[in-house]
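Here's a quick tour of a ligand site and some helix packing. Have the structure open and follow along.

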Amino acid sequence: MNDANGSAVLQTVGLKRSFTQGGQTIDVLRGVDLAVGPGEIVALLGPSGSGKSTLLQAVGLLEGGFEGSIRVDGVEVAKLDSAGRTETRRDRMGFIYQFHHLLPDFTAIENVVLPQLIHGADRPTAEARAEELLTGLGLGGRLTHRPNQLSGGEQQRVAVARALANRPALVLADEPTGNLDEATADIVFAEFLRLVRGEGSAALVATHNERLAARMDRVVRLHEGVLE
Ligand code: ADP
Ligand code: MG
(Lines give C-alpha, C1' and ligand atoms only; values in the text may rest on other atoms or scores of the structure.)
(Ligands and ions follow the chains in the order given, each with its own letter.)
Protein backbone atom coordinates (compact mmCIF):
# COMPACT_ATOMS: atom_id res chain seq x y z
CA MET A 1 0.00 0.00 0.00
CA ASN A 2 1.33 3.40 -0.85
CA ASP A 3 -1.77 5.46 -0.12
CA ALA A 4 -2.11 7.88 2.78
CA ASN A 5 -3.29 5.10 5.07
CA GLY A 6 -0.52 2.72 4.13
CA SER A 7 0.95 2.92 7.62
CA ALA A 8 -2.35 2.40 9.45
CA VAL A 9 -2.36 -0.25 12.16
CA LEU A 10 -6.00 -0.88 11.35
CA GLN A 11 -7.95 0.08 8.27
CA THR A 12 -11.46 -0.87 7.22
CA VAL A 13 -13.02 0.01 3.89
CA GLY A 14 -16.71 -0.49 3.20
CA LEU A 15 -17.15 -2.84 6.15
CA LYS A 16 -20.66 -4.31 6.22
CA ARG A 17 -22.35 -6.71 8.59
CA SER A 18 -25.98 -7.81 8.63
CA PHE A 19 -27.84 -10.18 10.91
CA THR A 20 -30.86 -12.18 9.79
CA GLN A 21 -33.19 -13.19 12.56
CA GLY A 22 -36.64 -14.67 12.09
CA GLY A 23 -36.67 -13.82 8.38
CA GLN A 24 -35.82 -10.19 9.07
CA THR A 25 -32.45 -8.70 8.12
CA ILE A 26 -30.85 -5.91 10.13
CA ASP A 27 -27.99 -4.06 8.46
CA VAL A 28 -25.86 -3.15 11.48
CA LEU A 29 -22.72 -1.97 9.67
CA ARG A 30 -23.46 -0.38 6.30
CA GLY A 31 -20.02 0.52 5.02
CA VAL A 32 -17.62 1.55 7.78
CA ASP A 33 -14.42 3.32 6.66
CA LEU A 34 -11.95 3.67 9.49
CA ALA A 35 -8.19 4.07 9.81
CA VAL A 36 -6.28 3.98 13.09
CA GLY A 37 -2.67 5.11 12.95
CA PRO A 38 0.22 3.76 15.03
CA GLY A 39 -0.13 4.85 18.64
CA GLU A 40 -3.43 6.59 18.00
CA ILE A 41 -6.22 6.19 20.57
CA VAL A 42 -9.62 6.39 18.91
CA ALA A 43 -12.98 6.48 20.69
CA LEU A 44 -15.77 4.58 18.98
CA LEU A 45 -18.85 6.38 20.23
CA GLY A 46 -22.45 5.36 19.72
CA PRO A 47 -25.58 4.55 21.69
CA SER A 48 -26.37 1.03 22.79
CA GLY A 49 -27.33 -1.09 19.79
CA SER A 50 -25.49 1.09 17.26
CA GLY A 51 -23.07 -1.71 16.35
CA LYS A 52 -19.93 -0.90 18.36
CA SER A 53 -19.41 -4.47 19.57
CA THR A 54 -20.19 -5.82 16.10
CA LEU A 55 -17.47 -3.58 14.65
CA LEU A 56 -14.94 -4.57 17.32
CA GLN A 57 -15.72 -8.27 16.80
CA ALA A 58 -15.13 -7.90 13.06
CA VAL A 59 -11.80 -6.06 13.40
CA GLY A 60 -10.81 -8.40 16.25
CA LEU A 61 -11.12 -11.23 13.73
CA LEU A 62 -13.49 -13.04 16.06
CA GLU A 63 -16.19 -13.48 13.48
CA GLY A 64 -16.58 -13.84 9.79
CA GLY A 65 -19.75 -12.91 7.99
CA PHE A 66 -18.73 -9.36 7.05
CA GLU A 67 -18.23 -7.75 3.67
CA GLY A 68 -15.54 -5.23 2.82
CA SER A 69 -11.88 -4.90 3.65
CA ILE A 70 -10.07 -5.15 6.98
CA ARG A 71 -6.33 -4.58 7.02
CA VAL A 72 -4.18 -5.09 10.10
CA ASP A 73 -0.68 -3.64 9.70
CA GLY A 74 -1.38 -3.50 5.96
CA VAL A 75 -2.32 -7.18 5.68
CA GLU A 76 -5.73 -7.97 4.19
CA VAL A 77 -7.42 -10.20 6.72
CA ALA A 78 -9.63 -11.95 4.15
CA LYS A 79 -6.47 -13.41 2.64
CA LEU A 80 -5.48 -15.08 5.91
CA ASP A 81 -6.55 -18.61 6.81
CA SER A 82 -7.77 -19.47 10.28
CA ALA A 83 -4.23 -20.03 11.60
CA GLY A 84 -3.14 -16.69 10.14
CA ARG A 85 -6.04 -14.90 11.84
CA THR A 86 -5.22 -16.55 15.16
CA GLU A 87 -1.59 -15.50 14.76
CA THR A 88 -2.60 -11.92 13.94
CA ARG A 89 -4.83 -11.77 17.00
CA ARG A 90 -2.13 -13.21 19.24
CA ASP A 91 0.82 -11.20 17.92
CA ARG A 92 -0.72 -7.82 17.11
CA MET A 93 -3.82 -7.34 19.25
CA GLY A 94 -4.87 -7.02 22.85
CA PHE A 95 -8.48 -7.26 24.01
CA ILE A 96 -10.37 -5.74 26.92
CA TYR A 97 -14.06 -6.44 27.48
CA GLN A 98 -16.68 -4.96 29.76
CA PHE A 99 -16.43 -8.03 31.99
CA HIS A 100 -12.88 -8.98 32.87
CA HIS A 101 -12.90 -12.58 31.53
CA LEU A 102 -9.91 -13.43 33.72
CA LEU A 103 -9.18 -17.10 34.37
CA PRO A 104 -10.80 -17.68 37.79
CA ASP A 105 -8.37 -20.34 39.04
CA PHE A 106 -5.25 -18.30 38.29
CA THR A 107 -3.75 -15.42 40.24
CA ALA A 108 -3.53 -11.88 38.91
CA ILE A 109 0.10 -12.30 37.89
CA GLU A 110 -0.56 -15.70 36.25
CA ASN A 111 -3.38 -14.16 34.21
CA VAL A 112 -0.85 -11.69 32.79
CA VAL A 113 1.97 -14.25 32.45
CA LEU A 114 -0.04 -16.86 30.50
CA PRO A 115 -0.62 -14.92 27.27
CA GLN A 116 3.11 -14.15 27.19
CA LEU A 117 4.03 -17.84 27.54
CA ILE A 118 1.62 -18.67 24.72
CA HIS A 119 3.32 -15.90 22.73
CA GLY A 120 6.69 -17.61 23.27
CA ALA A 121 8.23 -15.66 26.17
CA ASP A 122 10.22 -17.50 28.82
CA ARG A 123 8.72 -17.55 32.31
CA PRO A 124 11.16 -15.20 34.13
CA THR A 125 10.77 -12.56 31.41
CA ALA A 126 6.98 -12.95 31.42
CA GLU A 127 6.81 -12.71 35.20
CA ALA A 128 8.97 -9.59 35.25
CA ARG A 129 6.81 -7.95 32.60
CA ALA A 130 3.57 -8.93 34.41
CA GLU A 131 4.85 -7.61 37.72
CA GLU A 132 5.95 -4.34 36.14
CA LEU A 133 2.56 -3.83 34.46
CA LEU A 134 0.53 -4.75 37.53
CA THR A 135 2.68 -2.66 39.85
CA GLY A 136 2.31 0.29 37.49
CA LEU A 137 -1.45 -0.12 37.84
CA GLY A 138 -1.23 -0.06 41.62
CA LEU A 139 -1.62 -3.83 42.04
CA GLY A 140 1.84 -4.59 43.42
CA GLY A 141 0.16 -5.85 46.59
CA ARG A 142 -2.38 -8.01 44.72
CA LEU A 143 -0.15 -10.17 42.52
CA THR A 144 -1.19 -13.50 44.01
CA HIS A 145 -4.88 -12.68 44.47
CA ARG A 146 -7.34 -14.63 42.37
CA PRO A 147 -10.00 -12.68 40.43
CA ASN A 148 -12.72 -13.34 43.04
CA GLN A 149 -10.43 -11.82 45.68
CA LEU A 150 -10.20 -8.54 43.74
CA SER A 151 -12.59 -5.59 43.46
CA GLY A 152 -14.23 -4.81 40.11
CA GLY A 153 -11.76 -2.00 39.44
CA GLU A 154 -8.83 -4.26 40.32
CA GLN A 155 -10.16 -7.01 38.05
CA GLN A 156 -10.35 -4.56 35.14
CA ARG A 157 -6.80 -3.35 35.86
CA VAL A 158 -5.59 -6.96 35.58
CA ALA A 159 -7.50 -7.25 32.30
CA VAL A 160 -5.74 -4.08 31.09
CA ALA A 161 -2.33 -5.50 32.04
CA ARG A 162 -3.16 -8.78 30.29
CA ALA A 163 -4.19 -6.94 27.10
CA LEU A 164 -0.91 -4.99 27.03
CA ALA A 165 1.33 -7.89 28.07
CA ASN A 166 2.51 -8.83 24.58
CA ARG A 167 3.03 -5.20 23.49
CA PRO A 168 0.24 -5.29 20.88
CA ALA A 169 0.23 -2.78 18.04
CA LEU A 170 -3.52 -2.46 18.54
CA VAL A 171 -5.70 -2.67 21.64
CA LEU A 172 -9.42 -3.30 21.12
CA ALA A 173 -11.51 -2.35 24.13
CA ASP A 174 -15.28 -2.77 24.35
CA GLU A 175 -16.71 -0.52 27.10
CA PRO A 176 -13.71 -1.39 29.29
CA THR A 177 -15.01 0.49 32.31
CA GLY A 178 -18.71 0.05 31.57
CA ASN A 179 -19.22 -2.31 34.48
CA LEU A 180 -17.67 -0.01 37.13
CA ASP A 181 -19.17 2.78 39.21
CA GLU A 182 -18.46 6.24 37.79
CA ALA A 183 -15.65 7.24 40.17
CA THR A 184 -13.81 3.92 39.73
CA ALA A 185 -14.40 4.01 35.98
CA ASP A 186 -12.76 7.45 35.78
CA ILE A 187 -9.66 6.29 37.65
CA VAL A 188 -9.27 2.97 35.82
CA PHE A 189 -9.86 4.69 32.48
CA ALA A 190 -7.17 7.29 33.20
CA GLU A 191 -4.75 4.49 34.08
CA PHE A 192 -5.68 2.59 30.95
CA LEU A 193 -4.98 5.66 28.78
CA ARG A 194 -1.69 6.41 30.53
CA LEU A 195 -0.50 2.83 30.07
CA VAL A 196 -1.56 2.57 26.41
CA ARG A 197 0.14 5.94 25.67
CA GLY A 198 3.27 4.87 27.55
CA GLU A 199 3.44 1.60 25.63
CA GLY A 200 2.83 3.33 22.28
CA SER A 201 0.01 0.96 21.31
CA ALA A 202 -2.88 2.14 19.16
CA ALA A 203 -6.36 1.59 20.55
CA LEU A 204 -9.95 1.49 19.38
CA VAL A 205 -12.20 1.94 22.39
CA ALA A 206 -15.99 1.50 22.22
CA THR A 207 -17.94 3.62 24.67
CA HIS A 208 -21.28 5.34 24.96
CA ASN A 209 -19.74 7.83 27.39
CA GLU A 210 -19.01 11.24 25.82
CA ARG A 211 -16.85 12.28 28.75
CA LEU A 212 -14.53 9.28 28.39
CA ALA A 213 -14.50 9.68 24.61
CA ALA A 214 -13.32 13.28 24.92
CA ARG A 215 -10.13 12.09 26.66
CA MET A 216 -8.99 10.11 23.63
CA ASP A 217 -7.03 11.39 20.62
CA ARG A 218 -9.96 11.26 18.22
CA VAL A 219 -13.66 10.41 18.32
CA VAL A 220 -15.57 8.58 15.59
CA ARG A 221 -19.32 8.19 15.84
CA LEU A 222 -21.29 5.20 14.67
CA HIS A 223 -24.67 6.32 13.38
CA GLU A 224 -27.05 4.26 11.25
CA GLY A 225 -24.31 1.83 10.35
CA VAL A 226 -21.64 4.28 9.17
CA LEU A 227 -19.08 6.53 10.83
CA GLU A 228 -20.09 10.18 10.82
P1 ADP B 1 -23.52 -1.95 20.64
O2 ADP B 1 -22.28 -2.68 21.00
O3 ADP B 1 -23.26 -0.61 20.00
O4 ADP B 1 -24.47 -1.83 21.78
P5 ADP B 1 -24.07 -4.32 19.05
O6 ADP B 1 -22.98 -4.38 18.06
O7 ADP B 1 -23.99 -5.23 20.20
O8 ADP B 1 -24.28 -2.80 19.51
O9 ADP B 1 -25.47 -4.63 18.32
C10 ADP B 1 -25.89 -3.89 17.18
C11 ADP B 1 -27.18 -4.50 16.64
O12 ADP B 1 -26.92 -5.77 16.08
C13 ADP B 1 -28.26 -4.69 17.70
O14 ADP B 1 -29.49 -4.32 17.12
C15 ADP B 1 -28.21 -6.18 17.97
O16 ADP B 1 -29.46 -6.66 18.34
C17 ADP B 1 -27.76 -6.76 16.65
N18 ADP B 1 -26.95 -7.98 16.81
C19 ADP B 1 -25.73 -8.07 17.37
N20 ADP B 1 -25.26 -9.33 17.35
C21 ADP B 1 -26.23 -10.08 16.79
C22 ADP B 1 -26.37 -11.46 16.47
N23 ADP B 1 -25.40 -12.35 16.75
N24 ADP B 1 -27.52 -11.87 15.88
C25 ADP B 1 -28.51 -11.00 15.59
N26 ADP B 1 -28.44 -9.67 15.85
C27 ADP B 1 -27.34 -9.22 16.43
MG1 MG C 1 -21.61 -3.40 22.84
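A polar contact here is a pair of N or O atoms within 3.5 Å; within protein, one must be able to donate a hydrogen and the other to accept it, and residues adjacent in sequence count only if both atoms are side-chain atoms. Keep in mind that this is a predicted model, where local features need pLDDT of at least 70 and side-chain atom pairs count only at pLDDT 80 or more, while totals for chains, interfaces and linings use all residues. Residues are numbered from 1 along each chain as its sequence is written, chains are lettered from A and ligands numbered from 1 in the order in which they are written, and side-chain values use heavy atoms, with hydrogens and water left out.

Let's start with ligand 1. Around ligand 1 sit Phe-19, Gln-21 and Val-28, plus the run Pro-47, Ser-48, Gly-49, Ser-50, Gly-51, Lys-52, Ser-53 and Thr-54 (a heavy atom within 4 Å counts as near).

| Residue | Atom on the residue | Distance to an oxygen atom of ligand 1 |
|---|---|---|
| Gly-51 | polar backbone atom | 3.0 Å |
| Ser-53 | backbone N or O atom | 2.9 Å |
| Thr-54 | polar side-chain atom | 2.6 Å |

Now for the helices, which are DSSP runs (H or I, at least four residues) numbered from the N terminus. Axes are lines fitted to C-alpha atoms over the stretch in contact, and angles run from 0 to 180 degrees between N-to-C directions.

Take H5 (residues 152–164) and H6 (residues 182–199): their axes are 10 Å apart, at an angle of about 15°. On the H5 side, the contact (heavy atoms within 4.5 Å) uses Gly-153, Gln-156, Arg-157, Val-160 and Leu-164. Their partners in H6 include Ile-187, Phe-192 and Leu-195.

H5 also packs against H3 (residues 108–119), at about 20° with the axes 8 Å apart. H3 and H5 are therefore roughly parallel to each other as well. Here Ala-108, Asn-111, Val-112 and Pro-115 of H3 meet Val-158, Ala-161 and Arg-162 of H5.

What about H3 and H4 (residues 123–136): at what angle do they cross? Roughly 130°, with the axes coming within 8 Å, and H3 and H4 are therefore oblique to each other. Among the contact residues are Ala-108 and Val-112 of H3, together with Leu-133 and Leu-134 of H4.

Conventions. Helices (H or I, at least four residues) and strands (E, at least two) are DSSP runs, numbered from the N terminus. Angles under 35 degrees count as roughly parallel, over 145 as roughly antiparallel, 65 to 115 as roughly perpendicular and the rest as oblique.
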